Protein chains: 2
Amino acid sequence: MNAEIIAVGSELLLGQIVNSNAQFISKELATLGVNVFYHTAVGDNSTRLTATIKTAQRRSNVIIFTGGLGPTKDDLTKETIASLLGRPLTYDEDAMEHIEDYFKRSKRQMSENNRKQALVLDGCHVLKNEFGMAPGMALQVEGITYILLPGPPKEMGPMFVNYAIPYLAALQPEAAPITSRVLRFFGIGESLLEATLQDIIDEQQNPTVAPLAGNHEVTLRLSAKFHDQKEALLALDQLEHRITERVGEFLYGYDETTLMKEAAQLFVQKGLTVAAAESLTGGGFGAEMTSLDGSSAYFLGSLVSYSNEMKEALLDIPSSLLKTEGAVSAACAELMAASARTKTGADIGISFTGVAGPQESEGKEVGTVFIGLSTNQKTTVHEVHISGSREAIRARTIKYGLFYLMDMVKKGQ
Amino acid sequence: MNAEIIAVGSELLLGQIVNSNAQFISKELATLGVNVFYHTAVGDNSTRLTATIKTAQRRSNVIIFTGGLGPTKDDLTKETIASLLGRPLTYDEDAMEHIEDYFKRSKRQMSENNRKQALVLDGCHVLKNEFGMAPGMALQVEGITYILLPGPPKEMGPMFVNYAIPYLAALQPEAAPITSRVLRFFGIGESLLEATLQDIIDEQQNPTVAPLAGNHEVTLRLSAKFHDQKEALLALDQLEHRITERVGEFLYGYDETTLMKEAAQLFVQKGLTVAAAESLTGGGFGAEMTSLDGSSAYFLGSLVSYSNEMKEALLDIPSSLLKTEGAVSAACAELMAASARTKTGADIGISFTGVAGPQESEGKEVGTVFIGLSTNQKTTVHEVHISGSREAIRARTIKYGLFYLMDMVKKGQ
């Protein structure tokens, strides 16, 4: 299958929104083993959309559309396809009911326009919209598969994953399905990870290994193509083992997890509470620790002491230490972590002090960061050096904090 | 001018990155009054790129390329265009020097590959790359303008704005330039703003008014097209006046500013210091207040008290009040703000308490938020109700905090 994605909407061409749908769909299709050769964005214009579809028909056998299924007269994707394929639009009873329900529930008045959203291409397979009104459509005409999806990502995403992917997978029952596993790493850069695993990355055919960096982390996506699911899992296990032999200390989780989700699970499981003393991060660690529902089970609070005066007033850091060692020091981080713990009664105190930049401070380079960890057993301090913007340094510092916290808890220290 | 944008890179088609360049360029071209009718993404494949360019030549007279100017053999944008246009590639001395400099400064070894990056289309106008190695190119062949830009957004963006835009503007000297002004609003939703200004939005021809929502704010972009700059500014002033007569209380700034930048300016100008007591926001307000360089001038710290016990321990909130009124109450917000101020010695204390969800709390609905403001003159509490996800509620709460702070300072309360 050779696929292409056509996004319909003048707001894309005016730069008002970014075409994140094309990225989402491409990523999913890659997992399915479907090649994507083109993305196109075209405005709400029937003539230009028709020309775009005709070009697509000559080069692809799966054409996926996003957008243009709304209730207004600007929305013309299905009308244009209907006219090009010579196929009428008919009312879909289920979709109509779904739309009426939607208005009833939100106690709003349905307009005549909204009825238009229940029109589907005659004979198509209707894709259910669980997060909006416009139904999606899938149909095959003369060897080409057409998939029509709504534009809003929160409607399109679930519809694509839950209904379009199974539809496409059923079209190639003979193809071996792809079983994927994402390994998530923190504390190692993309280039070092790749260099360490270069021979493995180069030699792998099935499963394949694809590194990807982003959001201050690195991931490896392992993809195995086997008819037998057991065989696929075994191959993934073997490959993962070869990888973790070399860089296992940096592996923190699998697939769609995050450092925060993993840390939260660990805290809940061990019944531990955490409190923070933040300088560099200004409260960002507390914000991260409270980002998940249920965070009050493990997070007590944070003492954000941005100035030296506040470090004295809120955390009892002696002014003599601030003068001799400086606020950006292992000694200060140690005391801050201990204060966070003792002042709140938390099991673990964590502290952050460092230089976010853009100027150096106290003679310490931009990116110098001290992270203190205090329990009633002992206090440890990690020194890290982070490059990048002020924003990047602060964001990575928070992740380092979670990483070291988890490491300490896992090691039972 | 009818433009289209062709992004070259298999990483786009695999969904590894999103095509943010197309959005950026489209937005800039809209300001210049240039129509964009298509975006295309195509892989690192000469045959498919050639076909894509041929299609573009039939329908557009400005073709803008991003990506494929790197040093590896996968990078083939300029090679493909050279071959299609029958135009050789020649070494550009300045670009070569720039690349050699780059390696000298970073003390790295230049490889033979990197020389390839100094090759440009013969006779082109070279666009300087201030943030990377690959030079951009602009040239006109048979009535069509070709602009080649590197893929990394941090290289492409400045190159496009500083060199490609002036090049394109010079091609249509007779066209009236567009003078734009962005009005930034907070505290009013997009639909209410649009409804309030509907007649103005509908009737405007020159200047035009374009609303855009995002990042929990709404903006209006006013664009005037006049040959005379004075005339343009006068028209923008008049239109702005008509708008602010109706919704001026929500206008907080112009163009590329942010609520935080405006607030920081105000605090510095008035010599005021701020401290916070955060529950709902978990430290996010402190993180925002310390996001800018120089923030220690106006931000002292934050007492993040996520649990009721911490509200008692860190902020002296009486347990009786937490029992009778609850932590999510105006009374609690008032005391929290006062504690933040008195415990730190700040001029202004601000507090945040509320229900982030997903479950309601203390019988209060998700999205119920109290923001307290305390000075040595008086304490006020704002109650707001915010819809959306946990993340959205917390993010908007922080912005409301900045908005109310500024409002109070401006009114001299």
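**Chat on the A–B interface**

Student: How many residue pairs are in polar contact between chain A and chain B?

Tutor: In this predicted model, the count between chain A and chain B is 24 residue pairs in polar contact, with both residues at pLDDT 80 or more.

Student: And what's the count of salt bridges there?

Tutor: The count of salt bridges between chain A and chain B is 0, and the side of chain A that touches chain B divides into 22 nonpolar, 26 polar and 6 charged residues.

Student: OK, how much area do the two chains bury between them?

Tutor: Chain A and chain B bury about 4300 Å² between them, with 57% of it on carbon and sulfur atoms, and 54 residues of chain A are in contact with 54 residues of chain B.

Student: Switching to strands: in which sense do the two copies of strand 14 pair?

Tutor: Strand 14 of chain A, residues 299–305, pairs with strand 14 of chain B, also residues 299–305, in the antiparallel sense over 5 bridges, and L303(A) has L303(B) as its bridge partner.

Student: What about the open sheet, what's the strand order?

Tutor: The 12 strands of this open sheet, with mixed pairing, run 6(A)-7(A)-8(A)-3(A)-1(A)-2(A)-2(B)-1(B)-3(B)-8(B)-7(B)-6(B).

Student: Which strands stand at the edges?

Tutor: Strand 6 (125–127) of chain A and strand 6 (125–127) of chain B do, and each has a single partner strand, so one side of each is left without a neighbour in the sheet.

Student: How does strand 6 of chain A pair with strand 7 of chain A?

Tutor: They pair in the antiparallel sense over 3 bridges, and L127(A) stands opposite G136(A) in strand 7 of chain A.

Note on methods: Residues are numbered from 1 along each chain as its sequence is written. Chains are lettered from A and ligands numbered from 1 in the order in which they are written. This is a predicted model: local features need pLDDT of at least 70, side-chain atom pairs count only at pLDDT 80 or more; totals for chains, interfaces and linings use all residues. Side-chain values use heavy atoms; hydrogens and water are left out. Contact means heavy atoms within 4.5 Å. Buried area is the accessible area (1.4 Å probe) that two parts lose on being put together, summed over both. A salt bridge is a side-chain nitrogen of Lys or Arg within 4 Å of a carboxyl oxygen of Asp or Glu. A polar contact is a pair of N or O atoms within 3.5 Å; within protein, one must be able to donate a hydrogen and the other to accept it, and residues adjacent in sequence count only if both atoms are side-chain atoms. Ala, Val, Leu, Ile, Met, Phe, Trp, Tyr, Cys and Pro count as nonpolar, Asp, Glu, Lys and Arg as charged, and the others, Gly among them, as polar. Two strands pair if DSSP finds at least two bridges between them. Helices (H or I, at least four residues) and strands (E, at least two) are DSSP runs, numbered from the N terminus.
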